Amino acid sequence: MKVSLVALSVGIGLWTCGAVPALSAQSLNIVCAADEAWCAAMQKAYEAKSGAQTTMVRKSTGEILDQIRREKDAPTVDVWWGGTGDTHLQAASEKLLEAYASDRESELLPWAQNFFTMSGGQSAGIYAGALGFAYNGDLLKKEGLPVPSCWKDLIGESFQARIMTGNPNSSGTAFTMLATLVQLFGEEEAFSYMKALDRNVSDYTSAGSAPVKAAAKGETVIGISFMHDAVTQKEAGAPLVIVAPCEGTGYEIGAVSIVRGTKNRDEARRFVDFALSPEGQATGAAAGQNQVPSNVRAKLPAGAPDLSLIKMVDYDFATFGTPEERSRLLQRFDTEIHPPSQ
């Protein structure tokens with residue numbers, strides 16, 4: 001089952017503000033895969049709204065999945081908030097998550113409702129964002145480098161050791177990239193491309209937003225990340241040029257899930273309700289983030305990329321959200337592209 005591009009783009013212009021009913025207070029342990037600034041803003045907003053005491057720990061998506069797997073018999077996490085949806089789907093298929101149908105589901109855009117159905121009601125879509133890359137315009141000009149506009153431009157000899165990207169073992173962004181390339185080019189051509197790209201990669205980061213943050217600081221010329229992460233850096237004054245690759249690209253649906261075995265079920269459900277509300281989703285823009293929120297009444301951040309104008313693959317979340325496919329592709333990446341010891 002796929003989430004169509006048409007469904008993803010519907011309703012971007014229909015955003016208004018809404019309200020959330022008062023919540024009661026309990027303690028809650030949350031692990032967050034969004035940007036650090038958004039994690040902090042969401043924690044503050046939820047505590048102010050609910051009166052609950054929470055802990056919020058930020059980790060990369062793959063690291064969170066590994067933790068939840070390790071702790072499946074005695075979970076220390078109540079809620080997993082943020083991070084690429086295919087990883088949440090993997091957790092759902094492994095029976096690591098708990099089903100919950102929030103009343104807010106009826107307020108969500110079609111792509112988020114489809115995602116909820118795909119997860120068996122165990123995970124809810126909270127935002128969407130397109131994959132791309134960004135280059136430091138000042139560095140590019142200074143070094144006399146060609147302007148890249150396509151995925152295949154990045155494997156040119158001019159960009160040797162001038163590109164950073166995430167490691168798909170820990171970064172949900174990087175796994176989305178790997179799955180995107182397989183869907184764009186076919187698996188064999190995708191891995192041939194990754195081998196060529198590897199010659200130009202100076203570092204594989206654990207966090208998916210780290211490459212564009214490095215490009216923003218002038219630590220690398222090109223960073224591969226979700227476009228909204230690059231927009232955040234550009235709005236802060238970085239000399240970044242953001243590119244939607246000419247061949248097409250993939251996208252993420254960021255999600256929120258309740259961990260199976262939580263001892264704080266009622267509070268976890270209230271947190272999910274808040275995360276799906278216009279008020280909860282507004283914390284993204286307040287923290288300088290530019291993802292497209294899933295609630296039809298949430299305000300679209302001014303810097304959010306217009307997904308309807310980006311050429312995107314019909315991303316197959318059902319296939320690439322399975323543990324078997326993830327494990328197989330990661331093993332091939334580790335064997336052929338970047339062994340873990342490197």
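This is a predicted model: local features need pLDDT of at least 70, side-chain atom pairs count only at pLDDT 80 or more; totals for chains, interfaces and linings use all residues.
Two packed helices are described by the angle between their axes and the distance between the axes. In this model, helix H8, spanning residues 187-198, packs with helix H14, spanning residues 323-336, at an angle of about 40°. The axes of the two helices lie 11 Å apart. H8 and H14 are therefore oblique to each other, and their crossing is right-handed. On the side of H8, the contact involves Glu 187, Glu 188, Phe 191, Met 194 and Lys 195. These residues meet Arg 328, Leu 329, Arg 332, Phe 333 and Glu 336 in H14. Classified by residue type, the contact of H8 with H14 comprises six charged and four nonpolar residues, with no polar residues.

Rolling a probe the size of a water molecule over the atoms shows where empty space is left. Four cavities of 30 Å³ or more are found in the structure, and the largest cavity has a volume of about 190 Å³. This largest cavity is lined by 20 residues, of which Ala 33, Ala 34, Arg 58, Thr 173 and Asp 229 are the closest to its centre. At least two residues of the lining are supplied by each of strand S3 (79-84), helix H7 (172-185) and helix H10 (227-235). By class, 11 residues in the lining of the largest cavity are polar, five are nonpolar and four are charged.

Terms used
Residues are numbered from 1 along each chain as its sequence is written. Side-chain values use heavy atoms; hydrogens and water are left out. Axes are lines fitted to C-alpha atoms, for helices over the stretch in contact, and angles run from 0 to 180 degrees between N-to-C directions. Helices (H or I, at least four residues) and strands (E, at least two) are DSSP runs, numbered from the N terminus. Angles under 35 degrees count as roughly parallel, over 145 as roughly antiparallel, 65 to 115 as roughly perpendicular and the rest as oblique. A crossing is left-handed if the near helix is turned anticlockwise from the far one by less than a right angle, and right-handed if clockwise. Contact means heavy atoms within 4.5 Å. Ala, Val, Leu, Ile, Met, Phe, Trp, Tyr, Cys and Pro count as nonpolar, Asp, Glu, Lys and Arg as charged, and the others, Gly among them, as polar. On a 1 Å grid over the protein atoms alone, a cavity is a set of points where a 1.4 Å probe fits but cannot get out, and a pocket is an open set with protein on both sides within 12 Å along at least five of seven lines; lining residues have an atom within 4 Å of a point. Grid points are joined across faces, edges and corners, and a volume is the space filled by probe spheres set on the points.
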